[in-house]
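Trainee: Could you take me through one part of this model, slowly and closely?

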Amino acid sequence: MVEKHFDTFKNELRADKIYLRSNEALFGHIFVSFICLYIYCAILNRLKAAKLLTQISPHDLLTKFSKVYAYQVGEGTELSEVPKRVRDLSRKLNYPIFPN
């Protein structure tokens with residue numbers, strides 16, 4: 001499992017490409033990359049639980065969800081149109097982040 005996560009860290013997140021000049025920047029980069037790996041694994045586990053991993057990867061899921069934008073309008077926030085496929089995926093993953 002460690003090898004698999006390290007492979008994800010290097011290849012999916014591209015966290016091994018470090019061109020930083022200070023120790024603080026390096027530690028910050030590694031910390032943010034670790035948080036990204038944690039989120040990636042959480043998405044992977046949700047896809048496994050919903051038996052959707054053969055149909056969609058975590059990267060594809062994030063790409064589909066990135067089509068929804070939140071806009072600041074006056075005092076409130078409005079969402080752009082949520083595609084039907086994205087709404088269905090949200091429902092299948094039991095992750096109700098979009099209002100009806």
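Mentor: Serine 80 has 17% relative accessibility, so serine 80 counts as buried (buried is under 20% relative accessible area, exposed over 50%, partly exposed in between, with a 1.4 Å probe and protein chains only). Before going on: this is a predicted model, where local features need pLDDT of at least 70, side-chain atom pairs count only at pLDDT 80 or more, and totals for chains, interfaces and linings use all residues. Residues are numbered from 1 along each chain as its sequence is written, and side-chain values use heavy atoms, with hydrogens and water left out.

Serine 80 sits in the loop between β2 (76-79) and α4 (84-92); helices (H or I, at least four residues) and strands (E, at least two) are DSSP runs, numbered from the N terminus. Not counting residues up to four places away in sequence, serine 80 touches Lys67, Val68, Tyr69 and Tyr71, contact being heavy atoms within 4.5 Å. Val68 is also in contact with valine 82, as are Arg87 and Phe98, leaving aside neighbours of valine 82 within four places in sequence.

Now for α4. Its buried residues are Val86, Leu89 and Ser90. Seen down the axis of α4, they fall within an arc of 100 degrees, so they line one face of the helix (the arc is that of the directions from the helix axis to the C-beta atoms). What covers them includes α3 (58-65). The face of α4 turned away from the buried side carries exposed Lys84 and Arg91. After α4 comes asparagine 94, with a positive phi near 55 degrees.
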